[in-house]
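User: I am new to this structure. Please show me how to read its main features.

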Amino acid sequence: PETIYLKDYTPFGWQVSDVHLTFRLAPKSTRVISKIHFAPNPEAPAQEFFLHGEDLKLIRATIDGVEVTPEVTPEGLRCAVPDGPFLWEAEVEIAPEDNTALEGLYMSSGMYCTQCEAEGFRKITYYPDRPDVMSVFSVRIEGDLPVLLSNGNSVDRGEGWAEWHDPWPKPAYLFALVAGDLVNFPDRFTTRSGKEVKLNIWVRPGDEGKCAFGMEALKTSMKWDEDAYGREYDLDVFNIVAVDDFNMGAMENKGLNIFNSSCVLASPETSTDGNFERIEAIIAHEYFHNWTGNRITCRDWFQLCLKEGLTVFRDQQFTADVRSAPVARIENVAQLRARQFPEDQGPLSHPVRPESFQEINNFYTATVYEKGAEVIGMLKTLVGDEAYATALNLYFDRHDGDAATIEDWLKVFEDATGRDLTQFKRWYSQAGTPRVEVTEDWADGTYALTFKQHTPPTPGQEVKEPQVIPMAVGLLNPNGDEVVPTRVLEITEAEQTFTFDGLASRPVPSINRGFSAPVVLDRASSREERAFLLAHDTDPFNRWEASRLLARESLIAMICEDAGPDEAWLDGLERLLRDRDLDPAYRAMMMGTPTESELAQVLFERGHTPDPDAIHAAKEVLAQVKAERWADLLPGLAAEGTVDAPFAPDAEQSGKRALGAAVLALTSRLDGGKAARAQFASADNMTLQLSALAQIIRVGEDAEALAAFEDQWRHDRLVMDKWFGLQVGATAPENVVPRAEALTRHADFDWKNPNRFRAVMGALAMNHAGFHRKDGSGYRLLTDWLIKLDDLNPQTTARMTSAFQTWKRYDAERQALMRAELERLQAKPKLSRDTGEMVARILG
Ligand code: BAL
Ligand code: ZN
């Protein structure tokens, strides 16, 4: 397959002023008629006229009304064209019902829908399918279905047809069409300048009762973007559609967002608090794209982080504002460490702005999204809130209607602040997680902190230059009082020292407060110091971090030295758990421990070969010790974790339920699951029902509860995804593969549905000790199914190969088993470009 390079960017040779599309819908033979006005692009070099097109049957094509016979290839068509402006008309036939890749126009449960980002539009008609070609679209849909939707504003409609017009020029990846037997959940929003906007959430009949939360989240997001960024909505209508078969979470098509139904439908009975929080964030994210992504889009796909990093940053700010800021920050960092760090520290490592790819779908990654957001957070920290706001206003003013680049983005900050961001830009070009070694000095009232930064080599990048690292630091005196409040140290050198004068005693530093930079800190600190920070740090993130490090080191000592759990840490944690002034959500987080995968990574970095069974066993012992040690404390905490009010999915109630769930996980180790069974029987919301079921599964005698759950929920696909996933995710390591295997034979294992496939296979890959069974059965089962899915859905298959990205951490036998499975996948006849690229990168 061809590799595409950022350095080869060339503008398209023509501009497109307007596009008229007519769709005559039929499952096996949809006709798409396009009329497109092209005019030579004065900014572009001379080139042949090439339109992208894949899996299309060309019926006819004309230029200025005269029939032409283009040269058609599997990737598109070439044609001789006039020197000046011309009208291109083409009619193609496509078969949405046969489109299992879920890219382009496809069918899901009888409804037509589209997914065009990144390069799906070329499966709809011949077109310059690249984000820098922006045009005004008019669409006519003809089909025997009650609801026919496309982007923009409704122009007119009648029985079996509808016409739409989107006045805002857009690239083809933001095109969308939906047609089906849908019902809507309507509302309205008045923008701050008084414009009335109709809002709709479109769902399959029967799902109307699951729209209210999403609608509230949408209205809150619209208001927040006005208040926080001064951005108003710009069409008469905003439509959201829920679709069952969807590769991603959701898609920001202009005026017609399409959502994986799991990311928009919610009710207390069927959704957990985690689902509610995620749905709120995704609705916000897609809505915020209207400005950061749609009004200002990307010049090319290498600039993906321009819209994704910024929009994730904005949705994280939103969540921090509408929920608890410290809890949100801890969740974001935990997510970054769980998903982005392994990517950045393994064979799939790539810069936030990649410089080459074979298949762009493989770069919708945690690095582009989450590290991309961290980079913007650092920029904001460096320039300050006010300058950030000025720069963003300049960005919107200067680039509205543009397909922009990272250079454009950084230039607005340079122009707004006078700063030179040349060195900062390395965050976009250098892959890998920087490691920062910290040493300190104390003499005559002066305290010195020395930082040495180093980024290990990553594929294709052996040598790294120093980056700009905003390091937020505070100092505490030995009594626990803060003597130097948070100060941002700007590290720019490979090694750099910062001093603090006039201190009465040697301070205890709190470093990288709020996780001001996405780096790994290497600092030799004592247990006592961490316990001190756990008790006294004023920065809630670092207080949590102190507990995390204590937990991690305790577990590592248990694994490597046969030590018992760290008593001092457990005492410190207990004091904190007893502190009723602390938010229950925060205390629930404090009760968490590092994931097994994270422990494996730390062991690997320290020169040990991680043993997944030993890691799992240590976590089990630790949980048992906590349960026994805190037997008296747990009932009180359980009471604090009980909600005595009608269900609300807000931060306060969900924090309490999170504490309740953390307590139940310990209690069930003392009572054999009795409390969990009682909670399961009486639960009137999914959060309680599922946290109870998880403990019942963990304890072991779960057949009755699983059957009852299935009986209760077999009609609900989204709830059944939880049922499929949990019994693989929560069971003992030795049961994981047999259970996953048995579930693939369940009548409702609809493996062509990405959510269902991910429920089982994702849970298998995420269960560390279960997936890494020494006999290789976990690797084999996953690969069997990836081989099967690749023919139908390359995108989802390719994403799931990342389960193998950490293969070099493990012992020689496991490495050989994983390599063999990757090679088996690689040898599959007709392996997709998506999966082929991923496997080759993982194998290195
Ligand atoms: N643009 C793809 C889905 C999302 O990031 O919102
Ligand atoms: Zn996005």
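User: What should I know before reading?

Analyst: This is a predicted model: local features need pLDDT of at least 70, side-chain atom pairs count only at pLDDT 80 or more, and totals for chains, interfaces and linings use all residues. Residues are numbered from 1 along each chain as its sequence is written, while chains are lettered from A and ligands numbered from 1 in the order in which they are written.

User: Which domains does the assignment give?

Analyst: Domain bounds come from an automatic or database domain assignment. Here it gives domain 1 (1-181), domain 2 (437-543) and domain 3 (715-844). The C-alpha centres of domain 2 and domain 3 are 40 Å apart.

User: Which residues are around ligand 1?

Analyst: A residue is near a molecule if its C-beta atom, placed from the backbone, lies within 6 Å of it. Around ligand 1 we find Glu117, Met248, Ala250, Met251, Glu252, His285, Glu286, His289 and Glu308.

User: Which elements supply at least two residues of that shell?

Analyst: Helices (H or I, at least four residues) and strands (E, at least two) are DSSP runs, numbered from the N terminus. Strand E20 (250-251) and helix H2 (273-288) each supply at least two residues of the shell.

User: What is the order of strands in the open sheet of 3 strands?

Analyst: Two strands pair if DSSP finds at least two bridges between them. The order is E28-E27-E30, with antiparallel pairing. Strand E28 (482-491) and strand E30 (508-511) stand at the edges with a single partner strand each, so one side of each has no neighbour in the sheet. Strand E27 (residues 469-476) is joined to E30 by 4 bridges. Leu475 stands opposite Pro509 in E30.

User: Where is the cis peptide bond?

Analyst: A cis peptide bond joins Glu117 and Ala118, with omega about 0 degrees. Ala118 sits in the loop between strand E11 (111-115) and strand E12 (135-142). Glu117 is also one of the residues around ligand 1.

User: Is Asp64 buried or exposed?

Analyst: A residue is buried if 20 or more other C-beta atoms, placed from the backbone, lie within 10 Å of its own, exposed if 12 or fewer, and partly exposed in between. Asp64 has 12 C-beta neighbours inside 10 Å, so Asp64 counts as exposed. Asp64 has a positive phi of about 50 degrees although it is not a glycine.
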